Amino acid sequence: MKGKSPKDSHTIMNELVLPNDTNTLNNLMGGRLLHFMDIAAAISAQKHCNRIVVTASVDNVSFHHPIKLGDVITIEARVSRAFTTSVEVRLDVYAENIPSGTKVKSNDAYYTFVALDQNGRAIPVPALIPESPEETELFEGALRRRQLRLVLAGKMKADDATELKALFFATEQK
C-alpha cells in the first residue's frame, strides 16, 4: 500500500452561522461546531484511506473565541498520522466576520477515525509521509496523543505508554 502526504487529505469546509445554529447569546452552539468538525474530519480521513471511516474519538476541544451569528466558519482538516487501521486528523477552526474583515482562530482539535471494509470490519490504511517540519512535528506528537487516548479509554496500561511516559520521566543515560 502506497503512503500518502498530508496534502492528499487536506480539506477546507466553510459554513455560515445562521440563527438556528446559535444560542441565546447569538454564539454558535458548541455541539453544532463539533458536528461541522466531525464532517470535515471524516472527509479528510476518507480522502486518506479511500474507505468509509467512523469516528473513534474526539480529543479535548477548547473554545478559544466565540463564533457569532453571521460569521463564516472555515474548518481546515488533514491527516496528521496513520496507524494500522486508524488515522488521526488535525482540525483548525477559524471564524471570519466578513463585514468587519476580521478573522480569528477559534478552535483546534484532533479526531480519530477507523477505516472499514464493506463488511464493517477495520481495514489497514496507507501510511502517512510528512513533508514539512510542521507536518513532522504533528506526526511525531500523534503517537503520544494516541497513547493518552488509549490510557484514558482503559485500552492501554499507563506503564505501557512509553512515548507518553518519556515526556514526564527522564531516561537513564548510559
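**Exercise 1.** Is Asn-50 buried, partly exposed or exposed?

*Solution.* The model is predicted: local features require pLDDT of at least 70 and side-chain atom pairs pLDDT 80 or more, whereas totals for chains, interfaces and linings use all residues. Residues are numbered from 1 along each chain as its sequence is written, and side-chain values use heavy atoms, with hydrogens and water left out.

Step 1. Recall the classes: buried means under 20% relative accessible area, exposed means over 50%, and partly exposed lies in between (1.4 Å probe, protein chains only).
Step 2. Asn-50 has a relative accessibility of 56%, so it counts as exposed.
Step 3. Locate the residue: Asn-50 lies in the loop between H1 and S2. Helices (H or I, at least four residues) and strands (E, at least two) are DSSP runs, numbered from the N terminus.
Step 4. Inspect the backbone: the phi of Asn-50 is near 55°, a positive value in a residue other than glycine.

**Exercise 2.** Determine the class and the backbone angle of Asn-26.

*Solution.* Step 1. Asn-26 belongs to the loop between S1 and H1.
Step 2. With 39% relative accessibility, Asn-26 counts as partly exposed.
Step 3. Its phi, near 65°, is positive although the residue is not glycine.

**Exercise 3.** Describe the order and pairing of the strands in the sheet.

*Solution.* Step 1. Five strands form an open sheet in the order S1-S3-S4-S5-S2, with antiparallel pairing. Two strands pair if DSSP finds at least two bridges between them.
Step 2. Strand S1 (11–16) and strand S2 (52–58) are at the edges and have a single partner strand each, so one side of each is left without a neighbour in the sheet.
Step 3. The twist from one strand to the next averages 30°.
Step 4. S1 and strand S3 (residues 72–82) run antiparallel and are joined by six bridges; Asn-14 has Thr-74 in S3 as its bridge partner.
Step 5. Six bridges also pair S2 with S5 in the antiparallel sense, and Ile-52 stands opposite Leu-116 in S5.
Step 6. S4 and S5 pair antiparallel over 12 bridges, with Val-87 opposite Phe-113 in S5.
Step 7. The hairpin of S4 and S5 has four residues between the strands, and Gly-101 there takes a positive phi near 75°.

**Exercise 4.** Which strands does helix H2 touch, and what angle does its direction make with that of S3?

*Solution.* Step 1. Helix H2 (residues 133–152) packs on the sheet and touches S2, S3, S4 and S5. Contact means heavy atoms within 4.5 Å.
Step 2. The direction of H2 makes about 80° with that of S3. Axes are lines fitted to C-alpha atoms, for helices over the stretch in contact, and angles run from 0 to 180 degrees between N-to-C directions.

**Exercise 5.** Characterise the surroundings of His-48.

*Solution.* Step 1. His-48 is part of helix H1.
Step 2. Its relative accessibility is 0%, so His-48 counts as buried.
Step 3. Apart from neighbours within four places in sequence, His-48 is in contact with several residues, including Lys-4, Ser-9, Val-79 and Val-87.
Step 4. The C-alpha atoms of His-48 and His-10 are separated by 9.0 Å, while the two residues are 38 residues apart along the chain.
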